[in-house]
Amino acid sequence: QVQLVESGGGLVQPGGSLRLSCVASATIFRGNVMGWYRQAPGKQRELVAHVTTGGNTNYVDAVKGRFTIVRDNAKNTVYLQMDSLKPEDTGVYYCNRPLRLAIWGRGTQVTVSS
């Protein structure tokens, strides 16, 4: 079954941290670049971080230095460690395969608010 399951979101105060997890089916995960996307309220979904099969990473400027993407190839899982969170990080976070999008999962809601 081809699927993506995100988890780990929640409500956090500014400056706090969260760790998101995405378990992907092997068909999606193996041999592919994986990424985390964010859809803020009223905005389009955007790719904020991605990781290659070899572990090389790339981030949009807005999250650089605060977010870390890591993949565990043995578990078909990709993580997003989010530190120093800001209110503008609020949104629904999704994972997917950037170079050939799969069916989207439900995502996980992240709310940064005091």
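This report covers the nonpolar core and a salt-bridge network in a predicted model.

Residues are numbered from 1 along each chain as its sequence is written. Local features need pLDDT of at least 70, side-chain atom pairs count only at pLDDT 80 or more, totals for chains, interfaces and linings use all residues, and side-chain values use heavy atoms, without hydrogens and water.

**Core**

The largest nonpolar core has 26 residues. Such a core is a set of buried Ala, Val, Leu, Ile, Met, Phe, Trp, Tyr and Cys residues joined through side-chain atoms within 4.5 Å. Buried means under 20% relative accessible area, exposed over 50%, partly exposed in between (1.4 Å probe, protein chains only). Trp36, Val78, Leu80 and Met82 touch the most other members. Strand β3 gives the most to this core, with four residues. Helices (H or I, at least four residues) and strands (E, at least two) are DSSP runs, numbered from the N terminus. Beyond four places in sequence, Leu80 contacts (heavy atoms within 4.5 Å) include Trp36, Phe67 and Tyr93.

**Salt bridges**

The whole structure holds four salt bridges. Each needs a side-chain nitrogen of Lys or Arg within 4 Å of a carboxyl oxygen of Asp or Glu. Arg38, Glu46, Arg66 and Asp89 are linked in a network of them.

| Pair | N to O distance |
|---|---|
| Glu46 and Arg38 | 3.3 Å |
| Arg38 and Asp89 | 2.9 Å |
| Arg66 and Asp89 | 2.7 Å |

Arg66 lies in the loop between β6 and β7 and Asp89 in the loop between β8 and β9, so this pair ties together parts 23 residues apart in sequence. Asp89 is buried at 1% relative accessible area. Arg38 is buried at 6%, whereas Glu46 is partly exposed at 33%.
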